Amino acid sequence: MTLQVAVLISGTGSNLRALLEAIDTGECDARVTAVLSDRDTAAGLQLARERRIPTRCVRLRDHADREAWNHSLARAVSDTGAQLVVLAGFMRVLGKPLLDAFPERILNVHPALLPSFPGKDGPGDALTAGVRISGCTVHLVDEGVDTGPILAQAAVPVLPDDTRDRLHGRIQRAEHRLLPRVVHWVSTGMLVLGRRPHLEHVLSDDRILFVPDPSQ
Ligand code: GRF
């Protein structure tokens with residue numbers, strides 16, 4: 001059965017667009033059942049509306065405190081009936097209520113090769129550090145900031161004349177290939193999520209590197 005996915009965004013939604021396009025072409029066997037945001041100005045919400053995907057905005061400032069917001073968000077995501085939650089540029093740390101409602105069923109895409117450069121500015125931090133290779137990571141979300149088990153990574157070069165935005169653009173193009181693929185792997189059972197996620201089949205792709213748990 002097609003995997004039902006809720007996508008959480010805070011901004012442009014280019015990863016949401018890439019996921020929807022991969023679903024359209026049949027590369028990704030999933031259905032986006034809802035798009036949620038913490039910002040009503042998130043451009044990705046418009047994209048969802050154009051495609052008649054239900055949207056929901058859960059703003060922190062409409063709640064008494066962060067705990068109340070965490071509970072509202074968990075309720076809103078649970079109400080979508082989603083089986084998998086994808087954070088695609090969702091700029092807030094998730095609280096326990098949502099993590100508990102979807103144990104090992106929440107993915108995040110991050111613009112750096114974790115565990116290097118977690119946090120808000122992966123591309124800028126990679127550039128400042130002078131690394132020659134950067135990329136993106138899709139990982140399971142836990143209570144930390146970009147600390148959950150790594151599912152897949154794609155590498156891109158850092159070029160001599162790169163600016164932060166140019167590097168981020170190159171990383172995002174890699175994200176747009178990687179994220180739909182990981183969702184497809186989960187949907188088809190090729191990738192089994194859990195405390196020790198593992199791939200059922202060996203993959204070969206020159207741009208995408210799956211990083212399995214060494215103990216598997
Ligand atoms: C992406 O680079 C993602 O890795 C990071 O936020 C950015 C979101 O971009 N977490 P978009 O909204 O999908 O265009």
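Mentor: A nonpolar core is a set of buried Ala, Val, Leu, Ile, Met, Phe, Trp, Tyr and Cys residues joined through side-chain atoms within 4.5 Å; buried means under 20% relative accessible area, with a 1.4 Å probe and protein chains only. The model is predicted: local features need pLDDT of at least 70, side-chain atom pairs count only at pLDDT 80 or more, and totals for chains, interfaces and linings use all residues. Residues are numbered from 1 along each chain as its sequence is written, and side-chain values use heavy atoms, without hydrogens and water.

The largest core has 43 residues, and those touching the most other members are Val7, Leu84, Val86, Leu107, Val182 and Val183. Helix H6 (residues 164-188) gives the largest share, nine residues; helices (H or I, at least four residues) and strands (E, at least two) are DSSP runs numbered from the N terminus. A second, separate core has 20 residues, among them Ala74, Ala82, Leu99 and Val141. Beyond its neighbours within four places in sequence, Leu84 has contacts (heavy atoms within 4.5 Å) that include Leu3, Val5, Arg105, Leu107, Val183 and Leu193.

As for the rings, the whole structure holds one aromatic pair. Its members, Trp69 and Phe90, are stacked, at 6.4 Å centre to centre and 10° between the planes. Rings of Phe, Tyr and Trp (its six-membered ring) pair if their centres lie within 6.5 Å, and planes under 30 degrees apart count as stacked. Trp69 lies in helix H3 (residues 66-79) and Phe90 in the loop between strand S4 (84-87) and helix H4 (96-101), so the pair ties together parts 21 residues apart in sequence. Trp69 is buried at 0% relative accessibility, and Phe90 is buried at 7%.

Methods:
Rings of Phe, Tyr and Trp (its six-membered ring) pair if their centres lie within 6.5 Å; planes under 30 degrees apart count as stacked, over 60 as edge-to-face and the rest as tilted. Buried means under 20% relative accessible area, exposed over 50%, partly exposed in between (1.4 Å probe, protein chains only).
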